[in-house]
Amino acid sequence: MARQQPIFFETEVRRRFQFLVDAYHTAEPEYSELLLPGVLYKRPDLWVWVFLESGDGAGTSISVSVDLLRRDWPAKAELPDLVEAAEFAPRHLVTRKAHTPQAVRDTLDQSAIWLRRLMPLLLSPDAEALVRRATRHPLNRAGNPKPRNPNTKWKYA
């Protein structure tokens with residue numbers, strides 16, 4: 001039974017993220033269980049990772065991240081941070097749940113939708129600026145994250 005969940009996960013990821021191969025010319029996805037079950041989509045300038053993370057009582061979650069590959073500035077950003085940095089929606093609206101097979105499907109569906117919206121931005125000349133905004137988390141004097149601008153106009157929220 002332990003092997004069944006990663007097989008299910010890989011199949012569902014491939015089904016939902018096939019647009020990366022078809023529309024954005026990534027290589028066929030690579031599956032790995034080196035540290036966590038994960039699927040990797042590669043382009044010369046961009047890698048997309050989809051991981052199944054085991055929780056410590058909170059359950060299992062799905063993590064999607066993007067590696068922007070630049071000679072002078074390689075960077076990695078998580079999908080919720082990219083969605084917020086692009087002003088699509090607040091990061092808490094990007095689901096990560098994977099506690100049931102249906103939750104895995106729903107989360108992968110939503111993640112694929114967000115990534116479809118982000119791909120034109122991630123392949124644009126402004127991609128570095130987007131990733132910088134997504135990875136920047138300014139702190140206040142007490143060392144806590146500063147709240148985002150309450151006047152942000154979300155595109156999809």
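Predicted model: local features only at pLDDT ≥ 70, side-chain atom pairs only at ≥ 80, totals over all residues.
Some housekeeping. Local features here need pLDDT of at least 70 and side-chain atom pairs count only at pLDDT 80 or more, while totals for chains, interfaces and linings use all residues. Residues are numbered from 1 along each chain as its sequence is written, and side-chain values use heavy atoms, with hydrogens and water left out.

I'll start with the pocket. By pocket I mean an open set of points on a 1 Å grid over the protein atoms alone, where a 1.4 Å probe fits, with protein on both sides within 12 Å along at least five of seven lines. The largest pocket holds about 520 Å³ of space; that volume is what is filled by probe spheres set on the points, which are joined across faces, edges and corners. Its lining, meaning residues with an atom within 4 Å of a point, has 18 residues. Nearest the centre are Glu84, Arg133, Arg136, Pro138 and Arg148. Two elements give two or more residues to this lining, α3 (79-85) and α5 (127-135). Helices are DSSP runs of H or I with at least four residues, strands are runs of E with at least two, and both are numbered from the N terminus. Of these elements, α3 gives the most, with four residues.

Next, the rings. Rings of Phe, Tyr and Trp (its six-membered ring) pair if their centres lie within 6.5 Å; planes under 30 degrees apart are stacked, over 60 edge-to-face, and the rest tilted. The whole structure has seven such pairs. In one of them, Phe88 and Tyr156, the centres are 5.2 Å apart and the planes are at 80°, so the pair is edge-to-face. Phe88 is in the loop between α3 and α4 (101-122), Tyr156 is in the segment after α5, and 68 residues separate them. Phe88 is buried at 5% relative accessibility, and Tyr156 is partly exposed at 35%. The cut-offs are under 20% for buried, over 50% for exposed and in between for partly exposed, with a 1.4 Å probe and protein chains only.

Tyr156 has another neighbour: Arg117 lies over its face, 3.6 Å from the ring centre. Arg117 also lies over the face of Trp114, at 5.0 Å. "Over" requires CZ of Arg, or NZ of Lys, within 6 Å of the ring centre and within 35 degrees of the ring normal.

Last, Arg43. This residue sits in the loop between β2 (38-42) and β3 (46-54) and is buried, at 18% relative accessibility.
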